[in-house]
Amino acid sequence: MAFELPALPYSPDALEPHIDARTMEIHHGKHHNGYTNKLNAAIEGTDLAGKSIEDLLANVSQYSAGVRNNGGGFYNHSLFWTSMSPDGGGEPSDRTNIKKAIDRDFGSFDSFKKEFAAAAGTRFGSGWAWLCVDSNDKLFICSTPNQDNPLMDVVPESGTPILGLDVWEHAYYLNYQNRRGDYVQAFFNVVDWPTVSKRYNDANPGASDFS
Ligand code: MN
């Protein structure tokens with residue numbers, strides 16, 4: 001069973017004015033589609049065909065650059081689209097575990113935003129910024145180059161990504177040109193906190209007791 005490009009969970013213009021429709025169309029229809037097709041080509045006819053994307057990423061150091069780059073590209077963009085919503089933005093509800101964990105691990109929501117924006121802004125060249133949870137249920141922010149991600153066995157900080165931001169120029173250049181910082185701030189207006197909250201709760205079920 002080959003990997004399939006997931007449909008966008010909203011229309012390409014749904015995130016305007018924060019992310020423009022043309023960028024979304026090219027980013028999903030060309031870039032993400034390309035990673036998906038190239039990942040399938042890289043594993044077709046090999047003993048990697050049929051493995052889950054999580055399996056491939058967890059052992060990616062053993063595989064070709066094509067699996068690393070396109071497997072990362074396939075996974076990262078799938079997480080990215082579902083990290084955003086036209087109803088997104090703001091802060092997670094005070095009642096949620098993710099909000100309590102952000103306050104615990106970063107001090108405040110504002111401090112979290114500053115650290116995340118710094119990770120996204122200082123990634124040199126192409127890559128991603130991530131909010132992750134480690135196996136002790138602690139949140140951390142990191143960034144990775146190219147299409148690497150924290151599920152891969154090649155990165156210094158391993159964890160489960162629960163929010164990802166693409167800072168490749170193809171993600172923002174049409175609308176923001178060189179103003180990556182403006183794009184990063186706009187991203188906060190579309191973050192789908194209910195989804196991020198669910199990912200946090202699912203990462204280490206029952207690990208943090210905030211009751
Ligand atoms: Mn991208």
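Three strands make up an open sheet, arranged in the order β2-β1-β3 with antiparallel pairing (strands are DSSP runs of E of at least two residues, helices runs of H or I of at least four, both numbered from the N terminus; two strands pair if DSSP finds at least two bridges between them). Because β2 (139-145) and β3 stand at the edges with a single partner strand each, one side of each is left without a neighbour in the sheet. Strand β1 (residues 127-133) pairs with β3 over six bridges in the antiparallel sense, and A129 stands opposite L165 in β3.

The model is predicted; local features need pLDDT of at least 70, side-chain atom pairs count only at pLDDT 80 or more, and totals for chains, interfaces and linings use all residues. Residues are numbered from 1 along each chain as its sequence is written, and side-chain values use heavy atoms, with hydrogens and water left out.

The manganese ion has as protein donors H27 (NE2), H77 (NE2), D166 (OD) and H170 (NE2), at 1.9 to 2.1 Å. Donors are N, O and S atoms within 2.8 Å of the metal (3.2 Å for Na, K and Ca); water is not among the atoms, so sites may look incomplete. The spacing of the donor residues in sequence is H-x49-H-x88-D-x3-H. H77 in helix α3 (residues 65-81) and D166 in strand β3 (residues 160-166) are 89 residues apart, and the pair links distant parts of the chain.

H28 lies in helix α1 (residues 21-43) and is buried, with a relative accessible area of 13%.

How values were computed
Buried < 20%, exposed > 50% of the residue type's maximum accessible area, 1.4 Å probe, protein only.
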